[in-house]
Amino acid sequence: MDNYKMTSKEFFKAIQIIHLALITGVILLGIFAFYFHYSGLEMEVGKEMNFGLIYVVPVFAVGGILASNLVFKQKLKDCIAKPTLKEKMTDYRSALIIKFAFIEGSSLFAVVAYLLTGNFIYLGFAVLLLIVFLAYRPTKEKTIIDLELNQSEKQLLYDSDTIID
């Protein structure tokens, strides 16, 4: 196992890259699905699925948002209780990735529903979920608020050269 030490600046850069990569994956699948339908290719099986998906996709969308927030808040309680900034940040990264996964999963489900049926409502749900996902962009300010950091921990976080992980 390597002993690479991550600075505050590198930590936020890495988590923002993960956030952007997850968003990009959904966008690329959405573009593929849109192109697939506009190139004249159709999935006959999907037309019959539209009836069920019209109820399931919104439930997944709302459920993904609610679950991401509930799980994140629970994980956040554990993070806040950690004694050191390093432990808090390590657990915080895990909590963020789980939060992102719920939204990404719901978005991908909506895009696949569009791919199967061609119904633009599902693509609309995917776009709405991406907007929520963009609002979840990790920043130092959000981290400070989420983790309820004290003044010395804030200073460490704002110092780009501080080793935090």
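## A pair at K88 and E153

K88 and E153 are both buried. The two residues form a salt bridge. Their closest N and O atoms lie 3.0 Å apart. This pair links distant parts of the chain. K88 sits in helix α3, while E153 sits in helix α6, which covers residues 151-158.

The structure shown is a predicted model. Every distance and angle in this report is computed from that predicted model.

## The chain as a whole

What elements make up the protein chain? It has six helices and zero strands. From the N terminus on, the order reads α-α-α-α-α-α. The C-alpha trace spans about 60 × 30 × 25 Å along its principal axes.

The protein chain holds 165 residues, and 38% of them count as buried. Contacts across the sequence can also be described. Take the contacts between residues at least 6 apart in sequence. Of these, 81% join residues at least 24 apart.

## Helices α1 and α3

Helix α1 runs over residues 8-38, and helix α3 over residues 85-117. How do they pack? The angle between them is about 5 degrees, and their axes are 9 Å apart. Angles under 35 degrees count as roughly parallel, so α1 is roughly parallel to α3. The residues of this contact divide into 21 nonpolar, five polar and two charged.

## Salt bridges

How many salt bridges does the model contain? The count comes to two. Side chains of opposite charge can pair when their charged atoms come close. One of the bridges joins K88 and E153. Another joins the side chains of D91 and K82, with an N to O distance of 3.4 Å.

Are D91 and K82 buried, exposed or partly exposed? D91 has 25% relative accessibility, so it counts as partly exposed. K82 has 29% relative accessibility, so it also counts as partly exposed. By contrast, K88 and E153 are buried.

I103 is part of helix α3. Its relative accessibility is 0%, so I103 counts as buried. Which residues does I103 contact, leaving aside neighbours within four places in sequence? They are G64, I65, S68, L129, V132, F133 and Y136. I103 can also be placed relative to L66. These two are 37 residues apart along the chain, yet their C-alpha atoms are separated by 9.4 Å.

S107 also belongs to helix α3. S107 is buried, at a relative accessible area of 0%. Setting aside neighbours within four places in sequence, S107 is in contact with V26, A126, L129 and L130. The C-alpha atoms of S107 and F60 are separated by 8.8 Å. Along the chain, S107 and F60 are 47 residues apart.

## A126 in α4

A126 lies in helix α4, which covers residues 120-135. Is A126 buried or exposed? It is buried, with a relative accessible area of 3%. Not counting residues up to four places away in sequence, A126 touches S107, A110 and V111. S107, one of these, is in helix α3.

The pair of A126 and K77 gives another view of the chain. In sequence, A126 and K77 are 49 residues apart. In space, they are 29 Å apart, C-alpha to C-alpha.

Helix α5 covers residues 140-147. Its buried residues are K140, T143, I144 and L147. Why do they count as lying on the same side of α5? They cover an arc of only 100 degrees around the axis, which puts them on the same side.

What comes after α5? E148 follows, and its phi is positive. The value is near 50 degrees, in a residue other than glycine. E148 is found in the loop between α5 and α6. E148 is exposed, because its relative accessible area is 57% and the cut-off for exposed is over 50%.

Technical notes: Residues numbered from 1 in each chain as written. Predicted model: local features only at pLDDT ≥ 70, side-chain atom pairs only at ≥ 80, totals over all residues. Heavy atoms only, no water. Axes fitted to C-alpha atoms, helices over the stretch in contact; angles between N-to-C directions. Helix = DSSP H or I, 4+ residues; strand = E, 2+ residues; numbered from the N terminus. Parallel < 35°, antiparallel > 145°, perpendicular 65-115°, else oblique. Nonpolar A, V, L, I, M, F, W, Y, C, P; charged D, E, K, R; others polar. Salt bridge = Lys/Arg side-chain N within 4 Å of Asp/Glu carboxyl O. Buried < 20%, exposed > 50% of the residue type's maximum accessible area, 1.4 Å probe, protein only. Arc of directions from axis to C-beta. Contact = heavy atoms within 4.5 Å.
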